[in-house]
Amino acid sequence: MPLISRAEIAVFEKRVQLPMVLLILERDRECIQKGPFKLKAPYLELLDRAIERAKGDLAETIAFMRANGMKVRRGSKDDNFSEYVFCHGGYEDHRRYLNIRLKNAVEDQLRLYLTAAAKSF
């Protein structure tokens with residue numbers, strides 16, 4: 001039996017991915033703001049709604065982790081892998097993720113947030 005459950009791993013992974021999602025959305029918003037778009041407002045509104053939703057989810061995740069004594073630390077990183085240490089219930093789980101896997105997971109999250117933001121119009 002694993003020391004940290006799959007549900008807990010999902011929460012830890014969400015905590016790792018959401019700051020990346022926010023960083024990308026905020027950088028994209030900045031590029032659109034400064035870019036040569038003729039009608040910036042629709043793009044900015046879409047990104048603002050996605051950012052707002054992602055920030056809310058991150059805040060919920062952090063609150064859940066704090067309430068349940070869960071912590072995540074960044075470990076080593078190289079060209080191919082990023083390591084994270086998940087701490088919960090007195091156990092530490094060292095996990096190494098392929099950077100391409102993290103990228104793909106963040107892309108999936110971006111799609112979800114942009115789709116949800118578009119549906120909220």
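These notebook entries record what I looked up in a predicted model.

**Basis.** I number residues from 1 along each chain as its sequence is written, and side-chain values use heavy atoms, with hydrogens and water left out. Because the model is predicted, local features need pLDDT of at least 70 and side-chain atom pairs count only at pLDDT 80 or more, while totals for chains, interfaces and linings use all residues.

**Confidence.** I checked pLDDT (the predictor's confidence in each residue, from 0 to 100). The protein has a mean of 96, and 98% of its residues reach 70 or more. Confidence is lowest in β3, at a mean of 95, and highest in α2, at 98. Helices (H or I, at least four residues) and strands (E, at least two) are DSSP runs, numbered from the N terminus.

**Helix pair.** I looked up helix α2 (residues 41-67) and helix α3 (residues 99-119), whose axes come within 8 Å and cross at roughly 120 degrees. Axes are lines fitted to C-alpha atoms, for helices over the stretch in contact, and angles run from 0 to 180 degrees between N-to-C directions. I then listed contacts (heavy atoms within 4.5 Å). Leu 46, Leu 47, Arg 49, Ala 50, Arg 53, Ala 54 and Asp 57 in α2 meet Tyr 113, Leu 114, Ala 116, Ala 117 and Ala 118 in α3.

**Asp 93.** I located Asp 93 in strand β3 (residues 91-98). Leaving aside residues up to four places away in sequence, Asp 93 touches Ile 4, Ile 9, Tyr 84, Val 85 and Phe 86.
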